[in-house]
Amino acid sequence: MNMKTVLVLLILALATIFALVCVLLTRGRAPPSCQHQPPVQEDTDDGHSLVFADLTPEEMAQVVRYLQENLGVQLVDASHAKPSDNCIASLDVQVPAKAEVLQFLDGGGARPPREALAVLYLGNQPQPNVSEYVVGPLPGPLYHRDVTVHKYGGQVPYHRRAVTSREYLDINLLIQRELRKAPRFLAACCQSDGSDLSILTTAPRGFKSGDRVTWFVLFHNVAGTGYYLSPVGLEVLVDHGDLQVSRWQLLKVFYNGQYFASPRELESAFVSNVLEVVRLEKPRDDTVLGSMKPQHPPGFLGPLQYEPQGPRYSVRNNRVTFQGWSIVFGMNLNTGPRLFDIRFRGERIVYELSLQEALALYGSNCPGGMSARYFDGSFGIGRFAYELVRGLDCPYTATYIHRHYLAESDTPKTNQNSLCVFEHDAGLPLRRHFSDSQSLYYGGLRKNVLVIRTISTLLNYDYIWDFMFHSNGAIEVRVHATGYISTSFLHAQGTDYGNRVGPHTLGTMHIHHIHYKVDLDVDGKLNSLEKQDMEYELVKDPWSRQHTIERPQLRRERLKKEEEAAFPLNTPLPRYLSFTSTKTNKWGHPRSYRLQIISFAGKHLPTSSSMERSISWGRYQLAVTQRKEEEPTSTSVYNQNDPWTPTVAFADFINNETIINEDLVAWISVGFLHVPHAEDVPNTVTVGNGVGFFLRPYNYFDQDPSVESPDSVYFSSEQEAITCGANPLACLAPAATCTPQLSPFHYGGFHNL
């Protein structure tokens with residue numbers, strides 16, 4: 001071997017060693033962390049959005065102190081107040097009148113005074129009542145005024161107040177005492193002494209105004225799982241209308257198809273062997289229906305959505321901005337999520353978009369199930385929006401926001417991380433085209449949306465509230481129902497009202513109806529409602545006059561009165577319904593936004609029902625009315641406990657007023673009929689259980705505004721599609737080599753319970 005060959009081999013050996021060293025040194029090195037870039041759209045709000053802001057804990061504390069010192073009545077902390085006491089039931093922000101807000105936002109006017117709305121239960125009065133006070137200005141309140149009569153046309157009777165946690169506690173104690181009068185029956189039917197049974201309320205409470213009489217359904221309680229699927233067949237009727245708790249009574253007992261005057265009578269029937277008893281074993285962890293504990297160990301991790309250069313949206317105070325969108329968000333204690341001053345590319349599209357009510361109406365052959373009509377706003381859709389689970393309820397890297405509330409206590413509480421904001425890649429093109437003739441090219445745009453989400457747990461059900469903002473100027477509103485079904489004990493002809501889902505469990509049929517308020521301001525406050533649909537016209541072909549053609553023709557009509565714009569539930573809607581402006585786009589058409597409703601609602605309660613007026617908003621899938629400050633909501637929290645004389649009846653809003661060139665509101669109902677089935681165990685899935693609506697630009701622009709999106713993709717047969725500068729998809733490989741900066745998992749959602 002000559003010297004030249006030795007040198008070549010030596011160089012090759014050194015090169016190999018160097019390469020191996022490089023591999024060994026870099027093998028254990030983690031890729032760099034993703035570096036966040038500031039969003040392209042700068043927030044220039046200057047604090048104007050705070051005119052809509054929810055109360056802060058500090059403001060709530062100020063209002064409580066002011067009322068305690070200035071109202072002139074003795075106030076007891078609601079957390080331990082008796083019905084015969086006075087207490088502060090809740091606080092919320094008093095949103096200023098729209099005219100004042102617009103003068104401030106658009107006209108350079110003064111900022112409206114910041115005020116709170118306080119709801120008080122005044123039981124220690126000659127005439128007990130519910131009163132509402134506006135307290136202001138904040139911070140540092142100096143005045144209060146009673147607005148009850150102005151809002152509702154009279155005093156709110158005391159029996160319409162919501163049931164407080166303290167009241168439920170006293171009811172539970174009464175039921176426990178009474179159940180001890182039937183010890184042998186309870187041991188036989190349920191392997192229980194009554195103290196370990198869970199108690200579920202129903203509503204409304206009676207059959208006429210003034211009643212406060214409630215059926216309570218009893219279930220086996222197993223730690224760590226939902227008790228809603230384990231009814232024991234026992235239900236009790238309690239009268240809790242008296243201001244003195246000692247005078248409350250258990251009026252009736254129901255068991256397995258039979259009614260008894262008292263637990264003693266039930267016990268006597270059992271001892272006398274005249275009662276058919278279904279002997280239930282106390283459920284065990286491994287046999288109980290409804291357990292959500294994993295049945296298998298964790299597998300491989302699924303896909304993770306993350307932002308290599310940080311979020312492309314911005315959250316500041318109560319305002320989100322994203323690719324031309326600007327949205328102000330908040331949360332009402334009772335009615336839940338609400339959005340204000342929604343703008344796209346600087347133009348206001350919606351002044352207010354808010355949830356109004358969620359109704360669940362049940363059927364059963366048991367008294368609790370057959371009488372249940374839950375108006376969830378009276379329980380607290382916003383109050384019971386708890387902390388979201390990072391990585392499941394929302395993407396792990398979403399922005400999580402705390403919400404504060406004051407209810408049934410003098411101390412504000414915080415639901416941490418109970419609202420989330422994130423950008424979502426829907427995995428679907430927003431638009432695309434592949435050209436295979438003439439010129440050859442591909443053009444498209446990913447469907448990325450901004451999502452604002454919160455989730456409310458209302459007894460057994462969980463509602464996922466989504467508000468989504470698309471790059472073409474469309475707004476999508478969607479609700480999904482999940483959680484546990486409500487059940488009755490299966491007896492007799494129970495399957496006429498649902499399906500059997502367990503040994504003795506009937507999944508009871510029910511309807512979900514959800515109501516929204518949409519105050520659209522399309523190119524200004526004054527709008528009209530236009531419907532468009534198609535008809536076929538039969539014409540002779542103009543080139544020969546020998547044949548006929550069925551030609552689709554567009555029919556347009558401007559609706560004039562509110563009655564014309566009230567569309568009954570479960571009847572066909574015009575295929576195109578739009579809020580139109582007096583101004584036109586470049587092509588001469590009125591600038592408009594279209595309403596598109598996606599719903600599978602069940603039947604509305606018959607109008608002959610004594611309580612139907614309290615939910616008369618459910619008569620309509622869509623109703624458009626003139627906007628009025630004195631009609632801020634379609635219902636009231638007081639309707640639940642007195643639906644026979646509703647405090648607010650939506651039917652009264654529709655009174656044949658003109659809707660041409662007026663400030664208009666769209667009231668939208670969506671929902672579905674749910675007949676529970678075996679696959680609702682352990683609990684209901686979101687698949688197929690989502691409804692909602694779209695607000696879509698219709699000739700509002702001169703072309704699709706998403707053409708300005710920086711995410712657009714275009715390349716032709718004459719281009720190198722792999723060039724990063726020409727095709728943003730080609731930039732993904734180098735841009736996504738970083739690792740997301742994930743904060744450690746934490747959950748504190750049980751702290752306030």
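Predicted model: local features only at pLDDT ≥ 70, side-chain atom pairs only at ≥ 80, totals over all residues.

Visitor: Into which domains is the protein divided?

Guide: Domain bounds here come from an automatic or database domain assignment. The protein is divided into domain 1 (48-157), domain 2 (165-272) and domain 3 (313-698), and the C-alpha centres of domain 1 and domain 2 lie 37 Å apart.

Visitor: How many residues of domain 1 and domain 2 are in contact, and what area is buried between domain 1 and domain 2?

Guide: Contact means heavy atoms within 4.5 Å, and buried area is the accessible area (1.4 Å probe) that two parts lose on being put together, summed over both. In this model 9 residues of domain 1 are in contact with 6 residues of domain 2, and the area buried between domain 1 and domain 2 is about 500 Å², with carbon and sulfur atoms giving 65% of it. On the side of domain 1 that touches domain 2, the residues divide into 4 nonpolar, 4 polar and 1 charged, where Ala, Val, Leu, Ile, Met, Phe, Trp, Tyr, Cys and Pro count as nonpolar, Asp, Glu, Lys and Arg as charged, and the others, Gly among them, as polar. Between domain 1 and domain 2 the count of salt bridges is 0.

Visitor: How many salt bridges does the rule count?

Guide: Side chains of opposite charge can pair when their charged atoms come close. The rule asks for a side-chain nitrogen of Lys or Arg within 4 Å of a carboxyl oxygen of Asp or Glu, and by this rule the count comes to 45 salt bridges. One of them is formed by the side chains of D54 and R338 (3.0 Å, N to O). This pair links distant parts of the chain, 284 residues apart, with D54 in the loop between α1 (3-27) and α2 (57-70) and R338 in strand β14 (residues 336-344); helices (H or I, at least four residues) and strands (E, at least two) are DSSP runs, numbered from the N terminus.

Visitor: Are D54 and R338 buried or exposed?

Guide: Buried means under 20% relative accessible area, exposed over 50%, and partly exposed in between (1.4 Å probe, protein chains only). Both D54 and R338 are buried. Another salt bridge joins D523 and R591 at 3.2 Å, N to O; D523 lies in the loop between β25 (510-520) and β26 (528-540) and R591 in strand β30 (residues 590-598), so the pair ties together parts that are 68 residues apart in sequence. Both D523 and R591 are buried. Salt bridges that share partners also join K98, D519, D521, R627, E629 and D663 into one network.

Visitor: Which side chains make polar contacts with the side chain of R348?

Guide: A polar contact is a pair of N or O atoms within 3.5 Å; within protein, one must be able to donate a hydrogen and the other to accept it, and residues adjacent in sequence count only if both atoms are side-chain atoms. The side chain of R348 makes such contacts with the side chains of D106 at 2.9 Å and of D341 at 2.6 Å. R348 lies in strand β15 (residues 347-362) and counts as buried because its relative accessibility is 12%.

Visitor: Which backbone oxygen does the side chain of R114 reach?

Guide: The side chain of R114 reaches the backbone oxygen of A53 at 3.0 Å. R114 is found in the loop between α3 (98-106) and β2 (115-122), and at a relative accessible area of 18% R114 is buried.

Visitor: Which peptide bond is cis, and which residue has a positive phi?

Guide: Most residues other than glycine have a negative phi, and most peptide bonds are trans. Here the peptide bond from L138 to P139 is cis, with omega near -5°, and P139 is in the loop between β3 (129-136) and β4 (143-146). The peptide bond from A203 to P204 is cis as well, with omega near 5°. A492, although not a glycine, has a positive phi of about 50°, and A492 counts as exposed because its relative accessibility is 67%.

How values were computed
Residues numbered from 1 in each chain as written. Heavy atoms only, no water.
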